[in-house]
Amino acid sequence: MEHGVPLIVGVGLTDHARKSHWPARLDLAQSASGLVLALFMWGHMAFVSSILLGKDAMWTVTKFFEGYFFFGRSHPWIVSIVVAMVIALVVTHALLALRKFPINYLQFSSFRGHMRMMRHEDTTLWYWQVLTGFALFFLASVHLYIMLTRPDRIGPFESADRVWSDHFWPLYIVLLLAVELHGGIGLYRLAVKWGWFGSADAKAMRRRLKLAKWALTAFFLVLGFATLAAYIRIGVEHSDRYGERYVPAQLQTSPVPAPAGGDLRSPR
Amino acid sequence: MTESAAMPSQSISPESAQRKVRISVLRYNPQERGSVPRMQTYELEEADGMTLFIALNEIREKQDASLQFDFVCRAGICGSCAMVINGRPGLACRTLTRSLGSEITLAPLPVFELIADLSVNTGKWMRAMSERLQAWVHMKQIEVDISRLEERMEPELAQKIYELDRCIECGCCVAGCGTARMREDFVGAVGLNKIARFRLDPRDARTDADFYELVGDDSGVFGCMSLLACHDVCPKALPLATQIAFVRRKMAGAGWK
Ligand code: SF4
Ligand code: SF4
Ligand code: FES
């Protein structure tokens, strides 16, 4: 035994081999990227659902993000930049989350067996989190790639044409379900994982959090499906003029609608 | 709090009419040549206030002397009678048969080494975990002066530490944990709770950086996926969700720098 050591085993470990700090950083990064993405999805839903207030409302939101009201003309590349950032976040989040995925079939099947045995809601929710996360990586990629490469094709008619005439609606139905489930469960998990909203009565708080989680998911699903239905309706009505851009009434200088790819204000 | 945790948590239904219960046990003895895992069903008359512990003893006495299971205290203190009851880990001595249906399924706790039938070696696992997490107070002075008064501790703090010390190492939280089922090296809620306990203790000289060395990775606190089954199945109703979140915050803080 060493004598004269002021502390017994364990203390002063930090003087020796230091453990990597990366697990802590990666864990924080996973939570942070998830939080940002979840908040982004709320904002995204709010903007997209502006179609429920009318085509002009959605047009205004779109033009706002293209910088139209700042620069006097549209710069869809601004949207592309935001999309690129979202893609980067999604990829980061997915890579970080992969660490938690079952890495082989044995792990997967033992988790599945465990889940079936336990019939425990939070355990089952995690399984859904994994499934929807996995699906999202593919579904969201398709949508994000289109948004990245054709940011100019966002608008009341443009989006509706994509939804209906370009047959994106089946993808969007699944994407919507996956996003809202994944985001809702994720936010709930974040709250319990980091002990936000700590309270003396942890059980009651968890019940309330879970209630809030389901309420949010339900709200965004209803809003999302109403929005999707609105685009489908417009898309169906507009299918014979596929490709035509939307020009709000106050900017129409001639009764002839603007041709595809034309400037927004003065149809050539 | 402690009082309520020591009482059976299930409510007893008023009707005291005797009923028959069928208890199916997953039986397997790895030590015995030719033993294969199988379900065996026993039928018995339910008695008033019958716990699974009483039922199992009755089976062993009257029906099948070869049935193996563990118990010591029969009062929810020793933690040896934990098993999977209708799919969820729990203590046999704290579970009233009345709180379950008439078909009861029992299985040994997963994760731990199986001794035979319902008996598992939680002790081995717990010891390895304790050694790995150095789950003891690391005192500041090495020379203990017994003539001097012990350092004082605020009663509130002592109470807080005691609250976490109520863990009986039954292993329910580990068996209920999806992460522990997938990763063998995960320290489990029981381990993380110990870290929270020693971190509270003012006599323990370890800093967050020291604790980070012990649980600052994916086999420690960052492996926990917050499924909270541990919290929901802990027979001592320990505040595991709160404690794990606390340890996670502290370790994220220690590791971020
Ligand atoms: S924390 Fe609870 S479930 Fe886990 S070992 Fe301790 S008493 Fe058992
Ligand atoms: S919260 Fe979940 S993953 Fe973490 S220790 Fe408890 S059961 Fe395991
Ligand atoms: S026999 Fe001791 S806890 Fe059940």
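1. How much area do chain B and chain A bury between them, and what share of it lies on carbon and sulfur atoms? In this predicted model, the two chains bury about 4000 Å² between them, with 58% of that area on carbon and sulfur atoms. On the side of chain B, Met182(B), Glu213(B) and Leu227(B) lose the most area to chain A, and together they account for 17% of what that side buries.

2. Counted by residues, the interface brings 50 residues of chain B into contact with 42 residues of chain A.

3. As for polar interactions, the rule finds 19 residue pairs in polar contact across the interface of chain B and chain A, both residues of each pair being at pLDDT 80 or more. The elements of chain B that give two or more residues to the side touching chain A are strand 4 (88-91), helix 6 (178-182), helix 8 (208-215), helix 9 (229-233) and helix 10 (240-256). Helix 10 of chain B gives the most, with nine residues, and by class this side of chain B has 25 nonpolar, 13 polar and 12 charged residues.

4. Four salt bridges are found across the interface of chain B and chain A. Arg248(B) forms a salt bridge with Asp27(A), in which the closest N and O atoms are 2.5 Å apart.

5. Turning to the ligand, the residues that surround ligand 2 include Cys177(B), Thr179(B), Phe186(B), Ala189(B), Cys224(B), Ser226(B), Cys230(B) and Ile244(B). Leu227(B), named above for the area it loses to chain A, is also one of the residues around ligand 2. By class, the shell of ligand 2 has 10 nonpolar and two polar residues, and no charged ones.

How values were computed. Residues are numbered from 1 along each chain as its sequence is written. Chains are lettered from A and ligands numbered from 1 in the order in which they are written. This is a predicted model: local features need pLDDT of at least 70, side-chain atom pairs count only at pLDDT 80 or more; totals for chains, interfaces and linings use all residues. Side-chain values use heavy atoms; hydrogens and water are left out. Contact means heavy atoms within 4.5 Å. Buried area is the accessible area (1.4 Å probe) that two parts lose on being put together, summed over both. A salt bridge is a side-chain nitrogen of Lys or Arg within 4 Å of a carboxyl oxygen of Asp or Glu. A polar contact is a pair of N or O atoms within 3.5 Å; within protein, one must be able to donate a hydrogen and the other to accept it, and residues adjacent in sequence count only if both atoms are side-chain atoms. Helices (H or I, at least four residues) and strands (E, at least two) are DSSP runs, numbered from the N terminus. Ala, Val, Leu, Ile, Met, Phe, Trp, Tyr, Cys and Pro count as nonpolar, Asp, Glu, Lys and Arg as charged, and the others, Gly among them, as polar. A residue is near a molecule or strand if one of its heavy atoms lies within 4 Å of it.
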